[in-house]
Each structure stands twice: as C-alpha cells, then as structure tokens.
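Before reading on, please take a moment to look over the sequence and the model.

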Amino acid sequence: MKIVHSIFLKIALSMGLIMYFAYAVPTGKYANLYLIGVSAFTALFLPIFTLISTYLEQKGFRLTGSMFLSKLAKLVWQSLYNFLALGLLVKGNIIDPNNLKMVGGLIGAVCLTSLASQGLQYLAITLSNHGKGNRFANIFFALSLNVIISALAALGYKNVQVFFVIMGLMLGVIGVLISLITDILPSKGGIGLFLGTFNPVHKSHVAILKDFIDKRQLDKVYIHPTVIPKIHQYLLDKEMIKIVDQRAGKRYYEKSAIADPLVNFFPTGQVFYEAENRLFMLKVAIKEAGLENKVEILFEPNLYQKDGFYAIIKAIKKRHPHTKLHGLLGTDEGGMLLHDIYDETWIKPFVKLRRDNISGTAIRKGEKGMTTPKITAALDLFSNLKEGQSDQLFGQTVQLVNNRLAVADDKICL
C-alpha cells in the first residue's frame with residue numbers, strides 16, 4: 001500500500017515514539033498504559049489531525065472571510081485535542097499537576113501549546129512560501145517540534161517552561177493576532193494588488209476588482225498572474241508531480257509514483273492554462289471591462305521565479321514607497337495563501353466572500369456563462385485550436401505555438 005510509504009506517516013509514527021520517550025525516560029514509567037495509549041494515538045492520529053485542522057481553517061475562511069476567525073476555529077480544535085492528551089497524561093500520573101503551575105495549570109498548558117502550534121505553523125508556511133521546504137512537510141515538522149517542547153515543559157523542566165511560556169505567547173501573536181489586526185484595521189486610498197492564477201479570468205474576477213477599486217478608493221491596481229505556481233515548480237523539481245499532457249493551451253498535472261499519497265498537491269486543480277495564455281486573457285478582460293485607466297497588468301517571470309509574489313510585492317513597493325497597499329483576495333484556498341503573504345508583508349487585505357458559484361475549475365471543464373463574451377470566445381478558440389494551427393480571433397490571425405497563443409499584433413488585446 002502506498003500510504004505505508006508516506007513520509008508524513010513516518011514522521012507521525014516517529015513523533016509518537018519521541019513523545020513516548022520524552023515522558024517515559026524522565027519518569028521511568030515505560031509501562032504506563034496512559035502514556036502508551038496517548039503516544040500511540042498521537043502517532044496514528046497526527047496526519048488526520050492535520051487534515052482536520054486544515055479543513056476547519058479553510059471552511060471558516062470560506063464562510064466568514066476572516067482569517068482571524070478561521071484560525072480561531074483551528075485553535076479551538078487543536079485545544080480540544082491538547083486538552084484530551086495532556087488531561088490523560090495527568091490522570092495517568094505521568095504529569096504532576098504541580099509542575100504545571102508555572103504555565104497556568106492544565107488550561108494554561110493547553111492554551112500555550114495551542115498558541116505555539118499556530119505560530120509555528122505560520123512560520124512553517126512562511127518558509128514554504130519563500131521556497132524553503134514543502135508546505136505540508138514544514139507544517140508536520142512544526143507540529144512535531146511543538147509536541148517535544150510541550151512535553152518537556154509539562155514534566156517540570158524550569159528553563160523549558162520559561163521558554164515555553166515566552167514562545168507560546170510570542171507565537172500566538174504571530175500566528176493568530178496579526179490576522180486580527182489586518183482584519184479590522186481600517187484603510188482607504190493608495191495602491192491595490194490583485195495576485196492569483198486567473199485560470200482563467202472570469203466574471204467574478206472583474207466584478208470584485210471593480211468593487212475593490214470603489215470600496216478602497218484606489219488610485220491604481222496592479223495585477224500579476226502566477227507563472228508556474230511556486231508549489232508546482234518545487235514539486236516538479238523534486239519529481240513528485242509531472243506534466244502528463246499539454247494541449248488546447250493548457251497543461252495537465254498528475255502525481256508521480258514517488259508522490260506522497262497523503263498530500264493534496266493540487267488544491268486549486270490539476271489543469272492550468274499556460275501563463276502566457278492567462279496573461280493574454282487578462283489583457284482582454286481588463287480592456288473589455290473598461291478598466292485600463294485604473295489597472296496595470298504586470299508579468300515579471302524572472303522576478304516571480306526568484307521569490308514568487310514576494311518579489312512582485314517588493315517591486316511594487318519600490319515603485320510606490322510610503323504608499324498604502326491593499327491586497328484583493330477571494331475565500332478559496334488560493335486566497336488563504338495570499339492572506340498569509342499579505343499579513344507577512346503588512347498589506348491590508350480586502351477579502352471578498354464568494355457566493356456566486358462561478359468556478360475556474362467548472363470553466364476548464366466546459367461550463368458556460370461564467371466568463372465575459374470576449375473571454376468566452378478566446379476559450380472556445382483554445383478548445384478547438386491544435387498545435388500549429390491558425391484561426392481568427394477578434395479580427396486578427398492567431399496561432400497556437402508551443403501550446404501558447406501567438407498573435408501577429410498585440411493590439412488584438414486592445
């Protein structure tokens with residue numbers, strides 16, 4: 001079974017053993033059934049625990065549009081788990097309640113453990129956003145580290161307890177409260193950013209862009225589509241995913257044989273229009289919407305390949321020093337990833353709840369009525385055009401070359 005070879009399952013089993021020995025060695029209670037049970041449960045449940053945590057966070061964000069409330073939902077879930085685990089260890093006489101006084105008793109230990117977990121996960125995600133490791137592996141290692149520190153603190157190691165209290169409070173601020181600040185901090189005027197895959201651009205993109213400009217009273221908005229999403233580039237380099245087909249202006253991804261079976265590498269879908277094709281359709285959509293005087297479309301593949309959207313944000317900040325920056329995002333998983341980036345770079349997020357059932361995935365599967373007339377025409381062309389063939393689009397001759405739309409005159413977008 002492939003699941004047996006999952007690196008995350010191996011990490012979880014290892015952490016169960018580490019948790020067991022972290023408590024058993026100092027106490028000498030190797031045969032304690034409570035310790036054995038909690039350690040075994042942690043080892044087996046850690047992958048599921050992470051999946052549930054992620055689900056609760058994503059669901060909370062989709063329903064509320066608040067990153068703080070979505071993190072709070074995850075925090076409550078993690079606190080329940082930590083309360084169960086630590087409570088059983090207290091009942092089994094592995095943890096002396098007197099040793100927990102410095103950290104606020106059982107409830108204090110649970111709160112600090114959960115807050116530290118949130119912060120460590122935030123740092124783990126930040127590292128992966130900068131190309132330092134895989135997002136999922138980073139989160140697992142963050143959770144594992146938190147298990148070790150919590151165990152040592154609960155056993156009464158004074159120096160560890162001091163570190164644990166400081167770490168829990170600091171990481172709690174980083175992991176949870178920053179999102180509260182960015183959620184409620186009022187701000188208007190300045191420059192907007194709209195970053196995403198735009199796979200493809202559709203009616204909702206245009207509608208929320210107009211609302212963004214109006215509600216935040218923006219002078220200008222920069223749009224930049226992903227080139228190859230950073231997570232996909234990382235996985236392609238590691239040969240954990242592969243491109244299985246390139247046709248009709250799109251590329252099709254699949255997991256490779258060595259990919260981890262417990263990880264969803266394609267949260268936003270396995271089919272992507274080539275970056276140049278998405279850029280072309282963006283230009284068409286902005287002109288069609290009459291937004292050229294308010295919107296500038298950027299396409300900096302070299303910058304993006306260097307450090308993803310962080311590099312794009314840095315370049316925009318350099319263009320507009322001492323100017324308020326706002327970031328538009330939806331409530332899908334891509335929006336959550338952007339919210340983390342905006343929080344880290346101190347850009348005020350503008351979260352738009354999606355209730356219109358318009359879906360890029362549905363469009364790529366052939367659903368009609370979700371794109372503007374000109375984008376619909378372009379998508380129909382992509383569907384019918386084969387490599388090397390020419391056709392007419394908006395009165396101009398176009399051709400599919402290397403799966404990308406080649407136009408004789410860029411004014412076709414104008």
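What follows is a short report on helices, the nonpolar core, charged pairs, loops and a surface patch.

## The model and helix α6

The structure shown is a predicted model. Along the way, α6 bends by about 40 degrees at L177.

## The largest nonpolar core

The largest nonpolar core has 35 residues, and within it F194, L209, V221, I223, M281, V295 and L405 touch the most other members. The elements that give two or more residues to this core are α7, β2, α9 (275-288), α12 (360-364), α13 (373-384) and β10 (396-401). Among these contributions, the largest share comes from α9, which supplies six residues.

## Salt bridges

Side chains of opposite charge can pair when their charged atoms come close. With a side-chain nitrogen of Lys or Arg required to lie within 4 Å of a carboxyl oxygen of Asp or Glu, the count comes to eleven salt bridges. One of them joins the side chains of D211 and K215, with 3.0 Å from N to O. These two residues are four apart in helix α7 (residues 203-216), and therefore D211 and K215 are separated by about one helical turn. D211 is buried, with a relative accessible area of 16%, while K215 is partly exposed, with a relative accessible area of 43%.

Another salt bridge brings together the side chains of E296 and K220, at 2.5 Å from N to O. Because E296 lies in strand β6 (residues 295-297) and K220 in strand β2 (residues 220-225), this pair ties together parts that are 76 residues apart in sequence. E296 is partly exposed, at a relative accessible area of 24%, and K220 also counts as partly exposed, at 24% relative accessibility. The side chains of K287 and E292 meet in a salt bridge as well, at 3.0 Å from N to O; K287 is partly exposed with a relative accessible area of 34%, and E292 is partly exposed with a relative accessible area of 41%. Finally, R251, E274, E276 and R404 are linked in a network of salt bridges.

## Backbone features in the loops

The loop between β1 (191-196) and α7 holds P200, and a cis peptide bond, with omega at about 0 degrees, joins N199 to P200. F198 is found in the loop between β1 and α7 too. The phi of F198 is near 50 degrees, which is a positive value in a residue other than glycine, and F198 is buried, with a relative accessible area of 2%.

A positive phi is also found at N357, where the angle is about 65 degrees although the residue is not a glycine. N357 has its place in the loop between β8 (348-351) and α12. Is N357 buried or exposed? At 69% relative accessibility, N357 counts as exposed, because the cut-off for that class is over 50%.

## A259 and its separation from S53

A259 sits in the loop between β4 (250-255) and β5 (271-273). With 9% relative accessibility, A259 counts as buried. The C-alpha atoms of A259 and S53 are separated by 22 Å, and the two residues are 206 residues apart along the chain.

## A nonpolar patch on the surface

Which residues form a nonpolar patch on the surface? They are L17, F21, V25 and Y30, and together they have about 400 Å² of accessible area. Of these, Y30 lies in the loop between α1 (7-27) and α2 (33-64). Y30 counts as partly exposed, because its relative accessibility is 41%.

Conventions:
Residues are numbered from 1 along each chain as its sequence is written. This is a predicted model: local features need pLDDT of at least 70, side-chain atom pairs count only at pLDDT 80 or more; totals for chains, interfaces and linings use all residues. Side-chain values use heavy atoms; hydrogens and water are left out. Patches are made of residues with over 30% relative accessible area and no salt bridge: like charges are joined within 9 Å, nonpolar side chains (Val, Leu, Ile, Met, Phe, Trp, Tyr) within 5 Å. Accessible areas come from the Shrake-Rupley method with a 1.4 Å probe; for residues, only the protein chains shown count as cover. Buried means under 20% relative accessible area, exposed over 50%, partly exposed in between (1.4 Å probe, protein chains only). The bend at a residue is the angle between axes fitted to the seven residues ending there and the seven starting there. A nonpolar core is a set of buried Ala, Val, Leu, Ile, Met, Phe, Trp, Tyr and Cys residues joined through side-chain atoms within 4.5 Å.
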